[in-house]
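Open the structure in your viewer and keep the selection tool ready. The tour makes two stops.

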Amino acid sequence: MNSIILRTASPFLVGLTVLFSIYVLLRGHNEPGGGFIGGLIGASAFATYTLAEGAAATRRALVLSPIALAGIGLLIAGASGLASLLFGDAFLTGQWWFPAFNPELKYLSTVVLFDIGVYLVVVGAILAIIIGLEDET
Amino acid sequence: MLAAVLTPFVLALAAPAVRRWAGPAAGWLLAAGPAALTLYFATLLGPVAAGEALSFSTPWVPGSGVMLSFYIDGLSLLFALLICGIGSFIVAYAAAYLHGHADLGRFLLFILLFMGSMLGLVLADNVITLFVFWELTSITSFLLIGFNHREARSRRAAVQALVVTGGGGLALLAGLLLMAQVGGSLELSVLLTQGELLRAHPAYAAMLTLVLLGAFTKSAQLPFHFWLPNAMEAPTPVSAYLHSATMVKAGVYLLARMNPGLGGTEAWQTTLVIFGGLTFLVGAVLALRNTDLKLMLAQTTVASLGLLVLLIGVGTELALQGAMAYLLAHALFKGALFMVAGSIDHGSGTRELTALGGLRRAMPLTFAAGALAAVSMAGLPPLFGFIAKEFVYKGTLDGPAALAVTACAVIGNALMFAVACLVGFKPFLGARTATPHAPHEGGPGLWLGPLVLATLGLLTGLLFNATERLLIAPAVAAVAGAPVPVDLYLWGGFKAPLWLSLATVALGALLLWRARPLQAALARRLGRLWGPDQGYDQFLDGLMGFARAVSARVQTGSLRRYLLLGFAVLALALVSPLLRHGLGAASFAMPMGDLYVWGVALLTVAGGLAIAFTQSRLVAILAMGVLGLAVAFVFLMFGAPDLVFTQLMVETLSVVILALIIARVPVSENDTRGWGRAVGDATLAIVIGASITLILLAVTGVPLDMSLSEYFAAKSYTEAYGRNIVNVILVDFRALDTFGEIAVVLIAAVAVLGLLGPRAEDKAAPESSS
Amino acid sequence: MEPLIAIVVGALFAISVFLLLSGSLIRLVMGLFVLSNATHLLIFVAGRLTRENPPLIAEGMKVAEAGIANPLPQALILTAIVISFSLFAFVLVLTYRAHRSLHTVDTEAMRVAEPAPRAARLRGRDV
């Protein structure tokens, strides 16, 4: 796609959208949002970037290959479930940490870690498909 | 006792490593294991002869009453001694016979696995344990027959043996379970005391048929005898061990074991005597027809198994004595003769009887073993084979149809006499013939085994009192189900058995004298005859043809047809409950006031219809967008903000991917269906759609069980610290499901990457830029 | 409003079946798209419809108020949307790959794995 407007705006647009997607991811436990939605938003941000700048640019921006990102996400999600085994609970039972300085902080948990894993899998998998297709000539 | 059964398995796993380590000494090292087991079982001889029975039991599948239980009485001890004793010589023999073979380690592994399975089979008390070991022997036999797996003949023989004995094993399982059901126990030691109950039960015929199928296939009885000669494709140690001394006797063992439970009826007697007798004669005749040493021995094994089945069928005390004595004699002389045949093959390079002669100078020790074993097989005193034959005749004279059965035995034994002399003497006597190798004696591994076994045939004969007390009497007691007085002898005076023996020898000598023309005539006559071996091929061909015909019919390769069939079944499944149960409390209330909802509903359907009926690609993509948006609106109206978000993002990304793809597939997606087909498809589609609507209405007409949802609503914040219940369900309450789902997403991406990229089958696919 | 949406669900199912039977891969993919939307709505309706009260626990409350929408089907549908999107993408790429290798999108013309019956019988004979 050779739109000059898109090409100029896309870096900012992408930055903002990714930021927004992370916000949606983190607020998901209490308000509409979460790993799936955040991941889809993040993926669409990079999809826009890919359409504007090409697959190579996205690959540079991501540092890791998208499929590796997705794999890491799955590992994080799985690992977050293993933590509960240390405390004698079943696999994937949520574990919370209430730090002394702010016991009301409810983000430090394996559940949020799991949601981050979901986010990474969704972003990675969708980008892998889109970049793969963009690579095809 | 469990340790005794497990020892061969442990040794088996160690065998390849031992072979690599110890090199040529591996055979002797590994043979020490079964030799030690033989000694262990030998120490049990005294107690068992004194009437003790040893048992061991540990829960295996306690829920179904399956125990890993073992039991030693005279019968199992006799078998255990044969298995371990002959087994130790076989291991040493195999190491020498396959000396330098690349896969010797694998061979030793298999043969020790077999030894453990066979030991477990004869010691098993629980019927499930028995069945598992029974099938293990079939499987290890398959592996051993197919040892030279690069040869098509070996593979065929291995598969054939597995199909026949494995199939019989399944019948056996059914029979054993039936017996256990009727007898009320899975333990044989209990079941066999319930003989009256079993024999009087209406299902007795079924039990008998199934158990006999198992025994007959395993012990190569007519009409299943064909697999055993084919199994001679296996290396000779296997033939000597599995297919003469032990595995094929499993069927005989089973019959002997079942005798107190199932035996004694007319059906049992008639079936066993007829099948055993026929097998005996057919096997003996076929043995004389062949000129390959191994095949001759294999056919005499078929014959001997027939004789054993016949004797168990006759079932009188004397017949059972004959059976047990012959069992022991046969294991000793046949094991020895097979090993002798292998040594001849190994030393001279051929097993063809007509090409062999005058080997006595070159292979004196092998000759001694062969001659001794052959004399036992021929049934001449003072070897144990003679005693066995005396008791065989006493047994046949004692039973029903004594004249016919005895005549059958005499003719069969005369044929065996001729074959024994041919195999045991012909290769060694007479003038030296030219053989592929210069004949030479092998290492001690090759001659020690046959020599010891043949000598044991002599010793058991000379020391018949000890043999009787320690081996035969306890075994007969176990088979008969009660102690039986046994009185073995070498000299019984000029009575009927002796006259029969003399007649046998005379007839055998006559056959021997005319052996050459007889063999030629038999080969001519029987060469072209249809046999069960061809029947097996025809059966398999038929099965394959049937499978091809069915799959050609069911799997037409037309996706449309598969889908059509699937949807037709779906329509049937949807319509039939509606017809049977009606609509129940379904409500059709559709308040007209909520125009907003009506608008969105119409938009959704319009989008769908546009996708289906437009001829323009662009319109179709747009319509998909409309449909997706309209569904998002439905979610929005009914309180599902998370779904709205998700739906909108997926919508966007779908269009992106669709655009990327469609640009690369420049083919029209117009509907190519003719009018007739389109109308038919539409009718099916409408039936499905309408019944889904109606069923959904019926479902919403009944109250919904909200307990799960209420549980989540109540616990979401108090236990999982989240206010968005949907998200809490996803990442906490049902996190394992979500974990599986993201794994699916990842797999889909991996699969897509696999599909992308250049392929060999593409026309001039350019290298991608990355 | 369940009856109205139930009729929409039925209509969407009918359309998707019609598209799936068409014999062109592209139309088949579109049928799949309609089918997944129909299925999501089916689950949604089966969990009952509640106007405009999302399944959230209000700030300051510990337990959800009565009358919120049923959260369970929403959780099911949310993952279903993502999964069917993955499937949709996969089938699209499969279509593309099939077209590139076989130069057709007609399912009846794709005979690599399962040759036409007559050919299958001829091939079967010399196996």
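Helices here are DSSP runs of at least four residues, numbered from the N terminus. Keep in mind that this is a predicted model.

**Stop one: the largest cavity**

How many cavities of 30 Å³ or more does a search of the whole structure find? The search finds 9. Go to the largest cavity, which holds about 120 Å³ of space.

Start on chain B. Select Q647(B), V650(B), E651(B) and S654(B), which are among the lining residues.

Colour the lining by class: 5 residues are nonpolar, 6 polar and 1 charged.

**Stop two: a helix pair**

Stay on α28(B) and bring in α2 of chain A, residues 35–53. The two axes come within 9 Å and cross at roughly 30 degrees. Angles under 35 degrees count as roughly parallel, so α2(A) is roughly parallel to α28(B). The crossing is left-handed.

Show the side chains. From α2(A), select I37(A), L40(A), I41(A), A43(A), S44(A), A47(A) and L51(A). They meet D642(B), F645(B), T646(B), M649(B), V650(B), L653(B), V656(B) and L660(B) in α28(B). By class, this contact has 12 nonpolar, 2 polar and 1 charged residues.

Methods:
Residues numbered from 1 in each chain as written. Chains lettered and ligands numbered in written order. Predicted model: local features only at pLDDT ≥ 70, side-chain atom pairs only at ≥ 80, totals over all residues. Heavy atoms only, no water. 1 Å grid on protein atoms, 1.4 Å probe; cavity = no way out; pocket = protein on both sides within 12 Å on 5 of 7 lines; lining within 4 Å. Points joined across faces, edges and corners; volume = space filled by probe spheres on them. Nonpolar A, V, L, I, M, F, W, Y, C, P; charged D, E, K, R; others polar. Axes fitted to C-alpha atoms, helices over the stretch in contact; angles between N-to-C directions. Helix = DSSP H or I, 4+ residues; strand = E, 2+ residues; numbered from the N terminus. Parallel < 35°, antiparallel > 145°, perpendicular 65-115°, else oblique. Left-handed = near helix turned anticlockwise from the far one by under 90°. Contact = heavy atoms within 4.5 Å.
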